[in-house]
Amino acid sequence: MNTNQLWKERFNQHIKMLSRYLKLMFNDHLAFALIFFVAAFAYFYQQWLQTVPPDFPVEWIMAIIFGFLVTFSSVRTFLRQADEVFLLPIENEMKPYIRNGFIYSLVIQSYWIALFLFALTPLLMVVKADITIGRVLVLFAFFIVLKIGNLFAGWFTQKTRDTSYHYLDYGVRLVTNILLIFFVVSEIWLLAAVAVIVFIGIMLVHYFQVNVKNSFPWDLLIEKEEEKLQFFYRMANLSTDVPNLKQKPKKRHWLVRLVTSSLSFKQEQSFFYLYSITFLRSRDYFGMYFRLILLSIFFVYWIPLFWGKIFFSLLLLFVSGFQFITIYHHHKGLDWIKLYPVSETVRKKAIHQLILLLMIIQILVIFPVYIWFGNIGNALIFTGLAIVLTILFETFYLKNRMNRMSDS
């Protein structure tokens with residue numbers, strides 16, 4: 001079998017899948033909101049740069065961000081469950097296939113390095129006046145070389161089934177990478193050379209202790225690939241219906257008991273009860289809601305202009321309401337829900353109640369943040385505008401969106 005050709009087929013199928021779902025994900029108001037988000041963030045970022053003190057720890061900021069970016073490096077293989085059987089006889093011929101996966105992973109992950117470096121370069125130039133574009137390009141090349149080393153190290157480590165070894169590897173490499181990047185950005189070349197020697201030693205240990213002694217980990221690679229695919233499906237499912245998504249809820253017993261203990265068991269509350277538990281136990285909804293609130297708090301703290309704080313707070317409030325509309329289709333594949341002796345109107349009402357509750361909770365959480373970083377007047381202005389946005393969202397946007405979803 002020509003493994004190069006096999007890679008091309010898998011790669012083409014992957015690109016088709018990505019393009020199909022990305023088109024659906026960004027073919028709605030989300031794309032419009034993202035454009036405003038990026039434009040506003042760039043404006044306030046530029047304003048903030050004018051107030052940055054000369055002793056701002058940009059070296060540590062870059063070291064931590066790029067340390068995480070280069071450390072968590074995995075090779076995409078596009079392997080499937082059946083490959084463990086049908087490709088096993090040609091295991092010795094898989095090198096071209098893995099090489100292509102390595103190149104693809106490097107290109108995709110280098111894109112994120114370039115994106116963050118592009119965003120942090122103005123900050124670096126403000127704090128360190130002697131930085132030029134040429135030196136930034138040298139930094140980019142250094143990050144790419146470090147990424148290649150981490151891809152190899154991660155690939156070597158993947159061959160062991162000892163999860164404690166995996167965690168130890170991530171921890172040691174993360175600390176080493178952060179220190180190495182800090183020394184390079186700070187131009188402490190002697191310590192940077194020591195960190196390079198340590199990193200090379202880590203790679204050699206992985207190679208001789210793990211890579212040479214262990215065979216090709218088919219089941220582990222297939223499991224990791226499935227996890228990556230399901231992660232993308234979960235992200236896409238927040239904007240569109242994904243039939244291939246495998247739902248794997250988390251228990252969160254204490255949180256579910258805390259919320260459901262106050263809910264009524266009346267028939268008209270059945271779907272609100274179901275959707276509340278779905279929100280709490282889902283791997284996506286609850287985590288995304290929590291991160292959106294944290295992001296709102298960060299922008300209220302970071303943005304100097306009051307109306308800039310208001311803009312991002314309201315935008316993230318809208319995103320919270322927008323993202324969780326998909327809970328309506330979360331149980332679409334379960335036929336037993338159709339047995340509920342409850343009308344469709346009650347089901348739609350449950351979505352309205354849940355999203356209204358989530359938006360109100362977000363407003364209540366952000367309200368004291370405005371007081372802490374401003375004053376009571378700013379907090380009241382935000383609350384008033386947020387309530388108006390919530391009412392308009394519920395009355396017009398959510399109602400029309402629910403009608404379209406129920407007809408589909």
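Biologist: How many salt bridges does the structure hold?

Modeller: This is a predicted model, in which local features need pLDDT of at least 70, side-chain atom pairs count only at pLDDT 80 or more, and totals for chains, interfaces and linings use all residues. Residues are numbered from 1 along each chain as its sequence is written, and side-chain values use heavy atoms, with hydrogens and water left out. A salt bridge requires a side-chain nitrogen of Lys or Arg within 4 Å of a carboxyl oxygen of Asp or Glu. By that criterion, the number of salt bridges in the structure is seven.

Biologist: How many residues apart are the salt-bridge partners Glu 225 and Arg 76?

Modeller: In this salt bridge, the closest N and O atoms of Glu 225 and Arg 76 are 2.5 Å apart. Glu 225 belongs to helix α9 (residues 218-237), while Arg 76 sits in the loop between α3 and α4 (83-86); helices are DSSP runs (H or I, at least four residues), numbered from the N terminus. The pair thus joins distant parts of the chain, and its separation is 149 residues.

Biologist: Are Glu 225 and Arg 76 buried or exposed?

Modeller: A residue is buried under 20% relative accessible area, exposed over 50% and partly exposed in between (1.4 Å probe, protein chains only). On this scale, both Glu 225 and Arg 76 are buried.

Biologist: Which residue meets Asp 219 in a salt bridge, and where does this partner lie?

Modeller: The N to O distance in the salt bridge between Asp 219 and Arg 161 is 2.7 Å. Asp 219 lies in helix α9 and its partner in the loop between α6 (133-157) and α7, so the bridge ties together parts 58 residues apart in sequence. Asp 219 is partly exposed because its relative accessible area is 30%.

Biologist: Which helix holds both Asp 169 and Arg 173?

Modeller: These residues form a salt bridge, with the closest N and O atoms 2.9 Å apart. Asp 169 is buried because its relative accessible area is 5%, and Arg 173 is buried because its value is 0%. The two are four residues apart, about one turn of the helix, and that helix is α7.

Biologist: What share of the residues in the protein chain is buried?

Modeller: The protein chain has 15 helices and zero strands. Its accessible surface comes to about 22,200 Å², of which 69% belongs to carbon and sulfur atoms. Among its 408 residues, the buried share is 47%.

Technical notes. Accessible areas come from the Shrake-Rupley method with a 1.4 Å probe; for residues, only the protein chains shown count as cover.
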